[in-house]
Amino acid sequence: MNSFARPVCIIGTGYVGMACTLGLAELGWSVHGYDILTDRIERLRLGIPPYREPGIAESLREHLDSERIHFFDHIDEAARDCEIVIVAVGTPAREDGSADLGPLWTAIEQLSTVRFTGWPTIVIRSTVPPGTSDAIAAAVESWADLVYAPEFLREGSAVSDFLNPDRIIIGAEHPPQAVRYVHLLQRLQKRVVFTTRCNAELIKSCSNAFLALKISFANEVANMCDVLGATSDDVLRGIGYDRRIGSEFLRPGIGFGGPCFEKDVKSMAHVAAQYGLGRELFSATLRVNDAQPNKILKILESELPTLTDATIGIWGLAFKAGTDDVRDSLALRMVEELGRRGARMVVYDPAVHVTPLPPGSRLVTSALEATHADALLVLTEWPEFARIDPLKYASNIERRVVVDGRNVLDSSRVAAAGLTYRGVGRSERGMEVPLRLVSAGS
Ligand code: UGA
């Protein structure tokens, strides 16, 4: 099926590594997966994926059965016969916001011990600060070529994003170094941008920083709508229809979570500071995001006599819909904060089945079970929440309050069921205070 006689080696079995592994197998390549976590390799060999995502268990099974994918717990066996080695290990944030490149350098050190049968091309796909892949290129120049090719996939749709990218960015010192990698992906028939490694690193980090900025902007607009009695759905839709702006990533809510945005914006702020550059936009993006959960909790607080000893039904814990990932989930942070304020939570998430919760709180197995509470708080944008008829849970909610931190519910249906609905920038309230301010100043 393909013209590569040799398999491709993928180092790392996280979201990016697994998407590369399954995506390349889907494209017809033979893939060798490797991870330093031997128990994960054991499970993968048995067909058990390391995380939940629609379709990946089936795809893994299919490609294990067809022997297109093999997993190794020894790097020499995994990489020796490969011409291309893709490195997709995590680059978590350190305390000061800088990226921890330890796992990446460990992978490179491990690769330097491999007895390659040819001259390999190493392709870094992890998100790294600018200058990192040039430093790695210098370290490996006596035994490998180094290409930086960022990945733009989202959790929840990782493999299909891998197979349908908006663009393929390839950073290399000389185009010939990238030829093998282009060949690997040529069936995707997507726009390819050839550039330097440093440019490619900046494209990735700045794309994430810009998406995060858009979300913080949407949250600021929605908060303003709340005060003015305006509707953020209409305002942001109207803004997004301008093609220069675009409507994606303008959904207001509790703020962005997950392992990427906060880490990448922090890393960009750290790089800006390192070079004596302004980092106001990065810092403001993070400040708005840090403040957003409290804004939603204030709405909840304003609708209840007290949070102490209140029971709050929670819909959603994952950092976004379509995943069971709670890493840097603002939903989880909000549940912890509610616990500190003396509330008890009855929590339901369709994908998260185990996670530590504050004392007195518990995970339940159905959305309706979580509505037996004083108020209901929606924290993840699972579309299935919107499909539940509010009449089914209205009478369960003691104080008849629903705070929709993701604007996922149909506000009029919730209100028609006799509940008080509060969303983000979906205020029904008047604009007495702002109007007075406007007329006083004008
Ligand atoms: C993000 C980027 O979207 C990917 O392009 C990138 O490859 C990835 O980071 C990465 O660097 O690995 P991901 O973190 O999986 O992907 O999730 P997103 O879908 O981007 O959502 C991030 C957070 O923003 C979630 O908490 C989500 O609920 C929130 N969000 C998203 C909003 O609050 N509003 C929106 O309009 C969109």
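Two strands count as paired if DSSP finds at least two bridges between them, and helices (H or I, at least four residues) and strands (E, at least two) are DSSP runs numbered from the N terminus. With that in hand, here are some notes on the structure.

This is a predicted model, in which local features need pLDDT of at least 70 and side-chain atom pairs count only at pLDDT 80 or more, while totals for chains, interfaces and linings use all residues. Residues are numbered from 1 along each chain as its sequence is written, and side-chain values use heavy atoms, with hydrogens and water left out.

1. Let us start with the sheet. Six strands form an open sheet in the order β11-β10-β9-β12-β13-β14, with parallel pairing. β11 (362-363) and β14 stand at the edges with a single partner strand each, so one side of each has no neighbour in the sheet. Strand β10 (residues 344-348) pairs with β11 in the parallel sense over two bridges, and Leu363 in β11 is the bridge partner of Val347.

2. Now the charged pairs. A salt bridge here is a side-chain nitrogen of Lys or Arg within 4 Å of a carboxyl oxygen of Asp or Glu. By this rule the model has 28 salt bridges. One of them joins Glu151 and Arg125, whose closest N and O atoms are 3.0 Å apart. Glu151 sits in the loop between β6 (145-148) and α7 (158-163), and Arg125 in the loop between β5 (121-124) and α6 (132-140), so the pair ties together parts 26 residues apart in sequence. Both Glu151 and Arg125 are buried (under 20% relative accessible area, with exposed over 50% and partly exposed in between; 1.4 Å probe, protein chains only).

3. Arg406 and Glu381 meet at 3.4 Å, N to O.

4. Arg426 forms a salt bridge with Asp404, with the closest N and O atoms 3.9 Å apart. Arg426 is buried at 13% relative accessible area, and Asp404 is buried at 0%.

5. On a 1 Å grid over the protein atoms alone, a cavity is a set of points where a 1.4 Å probe fits but cannot get out, and a pocket is an open set with protein on both sides within 12 Å along at least five of seven lines; lining residues have an atom within 4 Å of a point. The structure holds two cavities of 30 Å³ or more. The largest cavity has about 80 Å³ of space (the space filled by probe spheres set on grid points, which are joined across faces, edges and corners). Its lining includes Arg125 and Glu151, the salt-bridge pair of point 2. β7 (168-171) and α8 (175-185) each supply at least two lining residues.

6. The second largest cavity has a volume of about 40 Å³. Among the residues that line this cavity are Thr91, Lys263 and Asp264.

7. Finally, the second largest pocket holds about 250 Å³ of space. Of its 13 lining residues, Asp233, Leu236, Leu250, Arg251 and Pro252 are the closest to its centre.
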